[in-house]
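This report covers strand pairing, the nonpolar core and the salt bridges of one model.

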Amino acid sequence: MIRDLRWLSAPRTTLSAAVQVRHRGTPIAAEVEIDGDRAIARLAEATVAASGQAAVIYAGDRVLAGGWLAR
């Protein structure tokens, strides 16, 4: 779960996007379900991440939102 999201454009309730969870991590394809300022990202592949790390949601090379991993 990603908390405290800050959107750069109006969100839909679900979207296909890429999520990057580490500063130098590679964005990973994901299905993202949005609920207010939180989202659940179902990544297409496993990655190492910990609560409190930043997460950025991309559409191609365009940043859609950023927040913090809650779990």
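Strand E5 (residues 54-59) runs antiparallel to E6, and six bridges join the two; strands are DSSP runs of E with at least two residues, numbered from the N terminus, and two strands pair if DSSP finds at least two bridges between them. The model is predicted: local features need pLDDT of at least 70 and side-chain atom pairs pLDDT 80 or more, while totals for chains, interfaces and linings use all residues. Residues are numbered from 1 along each chain as its sequence is written, and side-chain values use heavy atoms, without hydrogens and water.

Two residues lie between E5 and E6 in a hairpin, and Gly-60 in the turn has a positive phi of about 65°. E6 (residues 62-69) is also joined by four bridges to E1 (residues 2-7), again antiparallel. Trp-68 in E6 stands opposite Ala-54 and is the bridge partner of Arg-3.

The largest nonpolar core has 15 residues, and Ile-2, Leu-5 and Ile-57 are among those that touch the most other members. Such a core is a set of buried Ala, Val, Leu, Ile, Met, Phe, Trp, Tyr and Cys residues joined through side-chain atoms within 4.5 Å; buried means under 20% relative accessible area, exposed over 50%, partly exposed in between (1.4 Å probe, protein chains only). Beyond four places in sequence, the contacts of Ile-2 (heavy atoms within 4.5 Å) include Val-19, Ala-55 and Trp-68.

There are two salt bridges, defined by a side-chain nitrogen of Lys or Arg within 4 Å of a carboxyl oxygen of Asp or Glu.

| Salt bridge | Closest N to O | Relative accessible area |
|---|---|---|
| Arg-3 and Asp-4 | 2.5 Å | Arg-3 28%, Asp-4 28% |
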